[in-house]
Amino acid sequence: QIMKKNLIILIFQFYFSISLADIIIFKDCKNNNFSYEKNEYTLDLTKGLVTREFIYDDESYEKLKLNDINVKRKNTTNKGIAKENGLIVSEIAGYPAFYTQMIFDIKDSSVKIKTVLNNTEGISLVSKCENVINFRKES
């Protein structure tokens with residue numbers, strides 16, 4: 001009886017420990033250069049993946065289209081992420097002498113970009129988000 005009960009508890013704990021994933025959503029993110037109908041980043045810490053979903057408003061889309069005919073009004077992008085020094089950072093994009101990396105700062109609800117050129121580093125604000133939601137998602 002006791003062994004059966006312990007086995008059921010153990011299976012129950014194992015099932016729930018693997019079916020929960022930390023999810024952080026940066027919602028309603030604003031940018032000084034462009035306006036969006038939707039601009040949010042969903043960080044799945046268990047999968048090590050950030051998904052950005054955005055929809056430019058009409059004015060921003062028309063402005064961007066003048067310089068790049070391939071720009072999409074609505075888009076979804078994915079990148080790998082990891083925790084590093086208390087921050088969540090994206091995988092590096094670029095070459096050893098020049099690369100960029102996204103920084104997700106939960107404390108100040110912001111998304112920044114780190115740019116490195118010949119070992120000279122700069123960090124710029126990309127978006128300030130109105131809401132940061134942290135929850136555990138059942139899979």
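This note goes through the predicted model point by point, from the overall fold to single residues.

1. **Ground rules.** The model is predicted: local features need pLDDT of at least 70, side-chain atom pairs count only at pLDDT 80 or more, and totals for chains, interfaces and linings use all residues. Residues are numbered from 1 along each chain as its sequence is written, and side-chain values use heavy atoms, with hydrogens and water left out.

2. **Overall layout.** The chain has two helices and nine strands. Helices (H or I, at least four residues) and strands (E, at least two) are DSSP runs, numbered from the N terminus. Read from the N terminus, the order is α-β-β-β-α-β-β-β-β-β-β.

3. The accessible surface is about 9900 Å². Carbon and sulfur atoms hold 54% of that surface. Areas come from the Shrake-Rupley method with a 1.4 Å probe; for residues, only the protein chains shown count as cover. Of the 139 residues, 32% count as buried. Buried means under 20% relative accessible area, exposed over 50%, and partly exposed in between (1.4 Å probe, protein chains only).

4. **Contacts along the chain.** Take the contacts between residues at least 6 apart in sequence: 37% of them join residues at least 24 apart. A contact means heavy atoms within 4.5 Å.

5. **Aromatic pairs.** Rings of Phe, Tyr and Trp (its six-membered ring) pair if their centres lie within 6.5 Å; planes under 30 degrees apart count as stacked, over 60 as edge-to-face and the rest as tilted. The count is six aromatic pairs. In one of them, Phe34 and Tyr56 have ring centres 6.0 Å apart and planes at 70°, so the pair is edge-to-face. Phe34 sits in the loop between strand E1 (20-30) and strand E2 (36-44), and Tyr56 in strand E3 (residues 49-56), so the pair ties together parts that are 22 residues apart in sequence. Tyr56 also pairs with Phe54: the centres are 5.1 Å apart and the planes stand at 70°, so this pair is edge-to-face too.

6. **The aromatic cluster.** Phe34, Tyr36, Phe54 and Tyr56 form one cluster. Tyr56 is buried at 9%, and Phe54 is buried at 6%.

7. **Ser60.** This residue belongs to helix H2 (residues 58-67). Ser60 is buried, with a relative accessible area of 4%. Neighbours within four places in sequence aside, Ser60 is in contact with Phe34 and Ser35. Phe34 is also a member of the aromatic cluster.

8. **Ser127.** Look next at strand E9 (residues 120-138), where Ser127 is placed. Ser127 is buried, at 1% relative accessibility. Which residues does Ser127 contact, leaving aside its neighbours within four places in sequence? They are Cys29, Lys30, Asn31, Asn39, Tyr41, Ser109, Ser110 and Val111.

9. **Backbone points to check.** Most residues other than glycine have a negative phi. Ser109 has a positive phi of about 50° and is not a glycine. Ser109 lies in the loop between strand E7 (98-105) and strand E8 (110-117), and is buried at 19%. Asn118, again not a glycine, has a positive phi of about 50°. Asn118 is in the loop between E8 and E9, and is exposed at 56%.

10. **Largest pocket.** On a 1 Å grid over the protein atoms alone, a pocket is an open set of points where a 1.4 Å probe fits, with protein on both sides within 12 Å along at least five of seven lines; lining residues have an atom within 4 Å of a point. The largest pocket holds about 480 Å³ of space. Its volume is the space filled by probe spheres set on the points, which are joined across faces, edges and corners. The lining has 20 residues, and Tyr41, Arg52, Thr77, Met102 and Val126 lie nearest the centre. Elements giving two or more residues to the lining are E2, E3, strand E4 (74-84), E7 and E9.

11. **Lining by class.** The lining of the largest pocket has 11 nonpolar, seven polar and two charged residues. Here Ala, Val, Leu, Ile, Met, Phe, Trp, Tyr, Cys and Pro count as nonpolar, Asp, Glu, Lys and Arg as charged, and the others, Gly among them, as polar.

12. **Glu121.** Strand E9 also holds Glu121. Glu121 is exposed, with a relative accessible area of 52%. Beyond its neighbours within four places in sequence, Glu121 is in contact with Lys114, Thr115 and Val116.
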